[in-house]
Every structure is written in structure tokens, then in C-alpha cells.
Amino acid sequence: MKLELEAVSKRYGTATALDSVSLTVEDGEFFTLVGPSGCGKTTTLRCIAGFEAPTTGTIRFDGESMAGVPPESRGVGVVFQNYALFPHMSVGENVAYGLRFTDPPGGVSRDERVSELLDLVDLTGFEDREPDSLSGGQQQRVALARALAPGPELLLLDEPMSALDARLRKRLRRQVKRIQTELGVTTVYVTHDQSEALAVSDRVAVLNRGRVEQVGDPRDVYHRP
Ligand code: ADP
Ligand code: ADP
């Protein structure tokens with residue numbers, strides 16, 4: 001799915017979180033937002049997901065304006081840094097929660113879909129485990145499986161690895177990249193970590209104070225003089 005932001009601004013009272021942000025993310029692209037804390041990365045994702053409405057500007061999915069379209073009707077999967085799993089539900093129930101608005105794609109049963117997704121994130125057979133018995137990396141993979149369960153055409157990842165140590169981050173980012181490539185799902189990824197952005201991104205946008213400063217190949221963005 002092709003994602004377009006056209007002159008998107010977001011103000012909270014007198015504070016400007018986004019100042020006329022225009023971006024195009026191509027179908028199947030792995031697109032990364034980087035920039036200092038407070039530059040507007042999370043606000044951008046929240047507007048794309050529909051958790052917030054832009055103050056002005058337009059967001060389009062495959063050319064269609066998302067104005068007034070609620071989050072559950074946008075076909076977007078979201079993983080946030082602290083998008084914790086429900087501790088009172090098993091791993092399988094957490095993944096099935098991703099199907100609360102839709103039937104599983106491909107005509108399979110909910111149980112079959114859950115086990116497909118757990119296979120995809122290398123957690124085959126983890127259905128009955130409790131989230132608290134999993135490592136941080138495993139928990140984030142369950143969150144990814146939950147986000148992917150309805151077969152979204154757009155995946156939004158907000159620093160999904162920041163709570164993990166360096167070794168686990170490296171491993172999880174390989175897994176995320178493999179899954180993204182396998183599914184061909186358009187992905188917008190937020191990270192502070194330059195090596196992560198270099199490793200996974202097709203293109204990178206640098207935000208600063210709510211504005212897009214630069215967009216390009218990650219090697220060009222990070223190796224400019
Ligand atoms: P980032 O994700 O890059 O750290 P954010 O998108 O979270 O940045 O925030 C961008 C700016 O908008 C910051 O200055 C932040 O303080 C402000 N902001 C974000 N959400 C709100 C809110 N709900 N109310 C007021 N200001 C907000
Ligand atoms: P996997 O076990 O599939 O490799 P991770 O990449 O998340 O999943 O695990 C990374 C490391 O965390 C491994 O060394 C693993 O032994 C350890 N680990 C797995 N589960 C737990 C747990 N419940 N508590 C602590 N460490 C764990």
C-alpha cells in the first residue's frame with residue numbers, strides 16, 4: 001500500500017508537533033523516521049494510525065483520504081515500545097486479540113491464524129505460554145504477531161526494540177526485516193538507533209522540530225559531510 005502525507009501539521013494548543021510534513025512511502029517499502037526526541041516521530045505514526053487527526057493536511061492510503069476513517073478501519077498494524085501484552089491472557093489469546101475487528105485473512109480459522117503467526121515470528125507452539133514467562137525479545141515478537149494477525153497492508157513500529165539489550169535488538173531487527181520482506185508489507189519504523197536504521201531501511205526521513213529535514217537512502221543520510 002502506498003502512503004502519502006501531504007502538508008500534515010499537528011498542533012497541541014500553541015505547541016506545534018508537526019509542521020507541514022510531506023512524505024511518500026511506496027508500496028512494500030521499509031521507511032524509517034529518525035530525529036531527536038520531541039521532533040514529531042510518534043505524532044506522525046499516531047496520525048497515520050488514526051489515533052490523532054492532523055490539524056491540517058491530508059493522509060492518503062493508496063490515494064484515498066483517511067480523514068474521518070477510524071483506526072480500526074484503516075488496516076494498520078501497530079507495535080509501540082511499551083505496547084505491552086495482556087498479562088492475564090495467554091500468548092495465543094494475545095495474538096487472537098489482533099483479530100477482534102476482522103476475520104482471519106485467507107479463510108483459515110482463528111486458531112490456525114494464531115499458529116501461522118507464531119510460526120512467522122519463530123515462536124511455534126507458544127500458544128499456551130504466559131507473557132511473563134517470555135523474554136523481552138519474545139514478547140515483542142508476540143506483539144508483532146498480534147499486529148500482523150489481521151493481515152495489515154501497513155505496519156507501524158515505534159521503537160519496538162528500545163527496551164532490549166544490544167544483542168537482542170540486533171537479532172530482533174533481523175527477524176523484523178525478514179518478516180517485512182517476506183510479507184511485503186509497507187512499513188514505517190521509528191528508531192533512535194543509527195545502526196538499526198542503516199540495517200533495515202530502504203529510505204530514511206530525518207525530522208527536526210516537526211519538519212522533514214532530509215529524505216533519502218540511509219547511507220547518504222548518514223554519510224553526508
Ligand atoms: P518524538 O516521538 O519524536 O519524540 P513526539 O511526536 O512524541 O516526538 O512529540 C512531538 C512534540 O509534540 C513534542 O514537543 C511533544 O512535547 C509534543 N506533544 C506530543 N504529544 C502531545 C500532547 N498530547 N499534548 C501536547 N504536546 C504534545
Ligand atoms: P529465543 O529464545 O527464541 O532465542 P529471544 O531471542 O528473545 O528468543 O531470546 C534471547 C535470549 O533470551 C536467549 O538467550 C534465551 O535463552 C533468553 N530467554 C528466553 N526466554 C527467557 C526468559 N523467560 N527469561 C530470561 N531469558 C530468556
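Select residues 30-34 and 203-208 to begin: strand β3 and strand β9 pair here in the parallel sense over four bridges. Strands (E, at least two residues) and helices (H or I, at least four) are DSSP runs numbered from the N terminus, and two strands pair if DSSP finds at least two bridges between them. The model is a predicted one, in which local features need pLDDT of at least 70 and side-chain atom pairs count only at pLDDT 80 or more, while totals for chains, interfaces and linings use all residues. Residues are numbered from 1 along each chain as its sequence is written, chains are lettered from A and ligands numbered from 1 in the order in which they are written, and side-chain values use heavy atoms, without hydrogens and water.

Within this pair, display Val34, which stands opposite Val206 in β9.

Leu207 stands opposite Val212 in β10. Move to the turn of the hairpin formed by β9 and β10: two residues lie between the strands, and Arg209 takes a positive phi near 50°.

Now turn to another sheet. In which order do the strands of the open sheet of four strands lie? The order is β2-β1-β4-β5, with antiparallel pairing. Its edge strands are β2 (15-25) and β5 (64-65), each of which pairs on one side only. Select residues 3-12 to see strand β1, which is joined to β2 by seven bridges, the two running antiparallel.

Finally, show the whole protein chain, which has seven helices and 10 strands. Along the principal axes, its C-alpha atoms fill a box of roughly 45 × 40 × 30 Å. The radius of gyration is 17 Å, which agrees with the value near 17 Å for a compact globule of 225 residues; it is taken over C-alpha atoms, and the globule rule is 2.2 Å times the number of residues to the power 0.38.

Colour the chain by burial: 47% of the 225 residues count as buried, meaning under 20% relative accessible area with a 1.4 Å probe, protein chains only. Of the contacts with a separation of 6 or more, 68% are between residues 24 or more positions apart; contact means heavy atoms within 4.5 Å.

Note on methods:
Buried means under 20% relative accessible area, exposed over 50%, partly exposed in between (1.4 Å probe, protein chains only).
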